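Me: I would like to learn how to read a few features of a protein model. Could you take me through them one at a time?

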Amino acid sequence: MMNAPALPASAADYIAHIDLAFELMAVLDASGRIVRVNAAAGDILGYTPAELAGRPVLELLHPDERADLAALGAEVLQGHACQERELRWRRKDGQPVYLSLSACWSERAGLVYASARDVTAHRAAREELKLSRERLNAMLESIGDAFFAIDRDWRIIYANRKAAAFIGVAVGPNVGRPLLDVSPELEGTPFIAHYRQALADGQPGFFEAFWEPSGTWLEVRCYPTPDGLSVYFHDITAKRTALDAVHKSEKRFRSLFQQAGDSIVIADHDLRIVAANGRACASFGYTEAEFVGLPVTRIDGHHTYTPGMLASLRAGHTHLLRMTKRRKDGSRFPAEVHVSRFEDGGQEYFQAIVRDLTEREEAERQLRASEQRFREVIEMTPAGYVLAGADGRVLDVNPALCSLSGHAREALLGRTLDDLFDTFPWHGLAAHDAQEHVQGVEASLRHAQGGHVHVLFNGSVRRDAAGNVTSVTGLMSDITGRKQAETRLQQLATHDTLTGLPNRALLHERVQHMLDACPQGRAVAVMFLDLDRFKEVNDSFGHDLGDVLLCEVATRLRKVMRPGDVIARLGGDEFVVAAECAGPADAGAIAQKLLDALGLPVRVGGQDVNAGGSIGISLFPHDASTRELLFQTADTAMYGAKRAGRNRYRFFEPAMTLAAQARMALEMALRPALARSEFELHYQPRVDLRTMRVVGLEALLRWNSADLGRVSPGEFIGIAEETGLIVPIGRWVLEEACGQTRRLIERQGRAIRVSVNVSARQLAQAGFVDEVRDVLARTGLPAACLELELTESALIEDMARTAAMLDELRVLGVKLAVDDFGTGYSGLAYLRRLPIDILKLDRSFVLQDDGRISAFDFVKAFVDMAHALRLSVVAEGVETADVLEFLRAADCDEVQGYLMARPMPLDALEAWLDAATEG
Ligand SMILES: Nc1nc2c(ncn2[C@@H]2O[C@@H]3COP(=O)(O)O[C@H]4[C@@H](O)[C@H](n5cnc6c(=O)[nH]c(N)nc65)O[C@@H]4COP(=O)(O)O[C@H]3[C@H]2O)c(=O)[nH]1
């Protein structure tokens, strides 16, 4: 023991007392050296107090802890007391010992007072407790179930992770919090009710409940503990789902059983019914209760479950039977029964599924009746019917198809549709995507005798569930008649009915096609052909024979032209020919061939007639670049040919267009000419050949156009006739001629006959006779002084009507002359039927083309014949004395011509007459 400051006596007592303490108590100086320790140091550290006195306290400490103690010592020296700091010390025997140290600094004493409690055992126990808690936790974490514990205040004491996953109770942060704060969803659930119950009763609880938030079924066990409540819960969702499924399936099965469309009856080993569904009750008339215990024979029309069948059922077979079943009221019904056997719970059962066939048999009966009706309809229908399989082979036909095709039924069966039809309208029939139906398709059926029959085909296919064609049905009606009518209609619409040649519409189409296809360097010639003498033939022989001529012309044109060429008739005597050729030379050759063909005489009405023709040619692309222009120019060229003297062909020339334009200008000028008083009459005397006295005058129209100057009748009369202007002009001429002649007669004091030209258009006017009568009445000219000159063609246009009209004129007293006689086709014979007085021989009748006088005998015979018919003969265009003599010798009656006088105005004529009379 070191020298220590003396303690007061009471302190000695105190020390004695301290020595008795179990705790180690020590006094240290400021440097940490032990001043004094009590006796407990021996027990705790193994040192006697003497051994420890004077030693630095740090030496007693475990080396690891020295730094801590040094820091602690520094704090204590600054006046901070140290409380219960656990530090590891080392006993004298080297064993560690844990001391809980408290120390304080006494400023006054300049000493540190320290006490230390041996906590080694306590610390070991604490460690042990901690370990055991960790083991428990590990165990609780490792169990598959969820677990949590709450105290009596419902505060969470512990929750494993599983529990957290289930109820949202996280382990760490929520320990100590009230359960319902952490998981408010629990409120009002069976869980809370059960926990309360267990806490209240002190009895463990067990229940299953559904935990909505996680969608899980939980099996829950809760155990009251002294602290509160421990709760385990186990996820039984899978089990519950499986159970539910079983329940549901059972329920479904039950409902299926009950609601099955067929009756289901289950019988036990003794063949007594143990169950029957709703349908069975409805079908058989028993209630479910009545069924139970009923022997199956009560519902069977006859005994079904024979030993043989039972054995077969027991061998695992099922049976499908067609039988009669019996209801409770004894009535019976046909049924199809499916019988089987099964075991349940070691018991044997028989099940019968009974399908009531009453409706099906009725439906089958109706189907048979409907099939029968269908058969009858098919047999009777006039439409051909064919049924073929997927391979197109004929399976069935009706009599109509036999008669349509000319084959017997047996000959048709087994053939393919392709054999049957020339062209079968339905391609790819067997293909998956073949059309379901075809309707109104035209097809051509092969006939047994060769040839084919046009039919209108309707068909449909049948398919199996996989969409494959299983059969084909077709119905067809004969449309040969309709087809012929269509062809005929087509022919009529595109062809001329008389000659069978294409008409205008088809001509346009064909020529257009030719133009479109015309190769570079080639040409298309379009020729307009007009018969020169058709009108005369028609007029002379009538329309029927005119038609004969047209047909003959068509035939000849066909013969001349090649197959690819186009020949058409536009109407009347107008034909058009079109051909592809090299150029003008070819076209000319073709035209000449045509003219040659037309030049040959045609036998019409017992006479040879020379039709002749005029052809206008236009060449594509030289003359015209479009079809329209090509036709126009060919037409113009044709008029050119006609004007050039007929029976010839002319190529189109641009000048022709000018001529046509000139003609148009003439027409425009002619229209107002009458109103503008541009006309006047000239008169040409007619002389009696025997006396050479003037016996008459011919009134000849003259036009002094304000625009065009003097225009000769040869230029405008034709246009006036074509346009109909000749009617009012002719009326004016008649009135003017009659009036002037009456005044002339008055002045001359002798009868002079005036001859007025009347055109066919005038004669065709219904009121012509009245017009003549009125003019005579108005002008006062005696009817005998008026002679009407009519052309041959005007006379014979409508013979019957003309004859009647001429008779009326004759009755009036007017003389009738036939003008230009000899230029037409009329023979003398027809004149006998008409009241004609005078024949005016055309100049060409007397003179040949080259100016030579015709054969005397010919003219003489003609004049004699006219005289025999009591007709006087006037010769026109007498220019020379030779001709005059010739005519005199031929016994001609009167003459007219430049030799005597030219046509002249009235005043000049009067002077001429006066001079002649005087002469
Ligand atoms: N080369 C020649 N010719 C002679 C001779 N003597 C008379 N002529 C002409 O011969 C024509 C006779 O008249 P047409 O045959 O009736 O022929 C007439 C007649 O068909 C028609 N025409 C004239 N005036 C009328 C009329 O008022 N009404 C109708 N519808 N036609 C008329 O016009 C035609 C031509 O009349 P024009 O030019 O006046 O021509 C007249 C006349 O001038 C002759 O010696 N040599």
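Me: Is C581 buried or exposed?

Reply: This is a predicted model, so what follows is computed from predicted atoms. A residue counts as buried when its relative accessible area is under 20%. C581 has 1% relative accessibility, so C581 is buried. Another cysteine, C281, is also on the buried side of the cut-off, at 17%.

Me: How far is the sulfur of C581 from the closest cysteine sulfur?

Reply: A disulfide is a covalent bond between the sulfur atoms of two cysteines. To count as one here, the two sulfur atoms must lie within 2.5 Å. For C581 the closest cysteine sulfur belongs to C518 and is 8.4 Å away, which is too far for a bond.

Me: How many disulfides does this rule give?

Reply: The count is 0.

Me: Which residue other than glycine has a positive phi near 60°?

Reply: That is L271, whose phi is near 60°. L271 sits in the loop that runs between β11 (263-268) and β12 (273-276). With a relative accessibility of 14%, L271 counts as buried.

Me: And what is the phi of D891?

Reply: Phi of D891 is near 75°, again a positive value in a residue that is not glycine. D891 belongs to the loop between α34 (881-889) and β37 (894-895). The relative accessible area of D891 is 31%, so D891 is partly exposed.

Me: Which residues does a cis peptide bond join?

Reply: The cis bond joins F620 and P621, with omega at about 5°. P621 is located in the loop between β27 (613-620) and α23 (627-643).

Me: Now the ligand. Which residues come nearest to the ligand?

Reply: There are 21 residues around the ligand, and Q684, R702, D819, E879 and Y898 come nearest. Some contacts can be read atom by atom. A backbone N or O atom of Y898 is 2.8 Å from a ligand oxygen atom. E698 places a polar side-chain atom 3.0 Å from an oxygen atom of the ligand, and for a polar side-chain atom of E876 the distance to a ligand oxygen is 3.3 Å.

Me: How much of the ligand does the protein bury?

Reply: Taken alone, the ligand exposes 780 Å², and the protein buries 80% of that. The elements giving two or more residues to the shell are β30 (694-705), α25 (713-723) and β34 (815-821). The largest share, 4 residues, comes from β30.

Me: What kinds of residue make up the shell around the ligand?

Reply: The shell divides into 8 nonpolar, 5 polar and 8 charged residues.

How values were computed
Residues numbered from 1 in each chain as written. Predicted model: local features only at pLDDT ≥ 70, side-chain atom pairs only at ≥ 80, totals over all residues. Heavy atoms only, no water. Buried < 20%, exposed > 50% of the residue type's maximum accessible area, 1.4 Å probe, protein only. Near = heavy atom within 4 Å. Polar contact = N/O pair within 3.5 Å; in protein donor to acceptor, adjacent residues only side chain to side chain. Areas by Shrake-Rupley, 256 points an atom, 1.4 Å probe, with all protein chains shown as cover. Nonpolar A, V, L, I, M, F, W, Y, C, P; charged D, E, K, R; others polar.
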